[in-house]
Amino acid sequence: MGGTNPYINYPHLEKPTQTFKVRFLPMDKVVEVNPEKLPYAETGLPGSLLDIALAHDIAIDHACGGVSACSTCHVFVKKGVKSCNEAEDFELDMLESAPGNTVESRLSCQCVPNGREDLVVEVPGWNRNLARETEP
Ligand code: FES
């Protein structure tokens with residue numbers, strides 16, 4: 001499964017026009033995002049934090065396939081959230097049921113940076129896919 005939820009009207013998303021970096025914590029992995037390569041795949045909104053993470057072997061759970069129907073892709077955007085699309089009501093509703101919800105919480109499949117800032121994103125322990133992290 002992947003792509004977008006047909007029952008949700010997606011807001012206009014501003015695509016990045018310049019290269020930017022995302023530092024994923026706690027693994028402290030910095031990835032450089034070239035806008036010409038986006039989207040990397042079809043999981044989550046095009047160019048979403050989930051799309052970026054999965055393309056760089058950062059395993060974030062995404063039980064619904066990135067269509068905003070679960071909260072397993074929950075992350076904390078510690079820096080650079082102003083360069084991302086605003087969370088829509090359906091995302092906020094989903095986050096309300098997510099463990100550890102804070103003002104920094106976003107669904108990584110719905111959070112799309114515009115590239116004007118570098119970001120720092122923390123993946124909570126309960127959403128890290130440990131099975132994939134142990135692969136060689
Ligand atoms: S993967 Fe299900 S809401 Fe993001």
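Modeller: Buried means under 20% relative accessible area, exposed over 50%, and partly exposed in between (1.4 Å probe, protein chains only). The model is predicted, so local features need pLDDT of at least 70 and side-chain atom pairs pLDDT 80 or more, while totals for chains, interfaces and linings use all residues. Residues are numbered from 1 along each chain as its sequence is written, and side-chain values use heavy atoms, leaving out hydrogens and water.

Biologist: How many salt bridges does the structure hold?

Modeller: Side chains of opposite charge can pair when their charged atoms come close. The structure holds five salt bridges (a side-chain nitrogen of Lys or Arg within 4 Å of a carboxyl oxygen of Asp or Glu).

Biologist: Where do E91 and R106 lie, and are they buried or exposed?

Modeller: E91 belongs to helix α2 and R106 to strand β4, 15 residues apart (DSSP runs numbered from the N terminus: helices H or I, at least four residues; strands E, at least two). Their side chains form a salt bridge at 2.7 Å, N to O, and both residues are buried. R106 counts as buried because its relative accessibility is 5%.

Biologist: Which parts does the salt bridge of E14 and R116 link?

Modeller: The E14–R116 salt bridge spans 2.3 Å, N to O. E14 sits in the segment before β1 and R116 in the loop between β4 and β5, 102 residues apart. E14 is partly exposed at 35%, whereas R116 is exposed at 57%.

Biologist: What is the relative accessible area of E104?

Modeller: E104 has 27% and is therefore partly exposed. The side chain of E104 meets that of K78 in a salt bridge of 3.1 Å, N to O.
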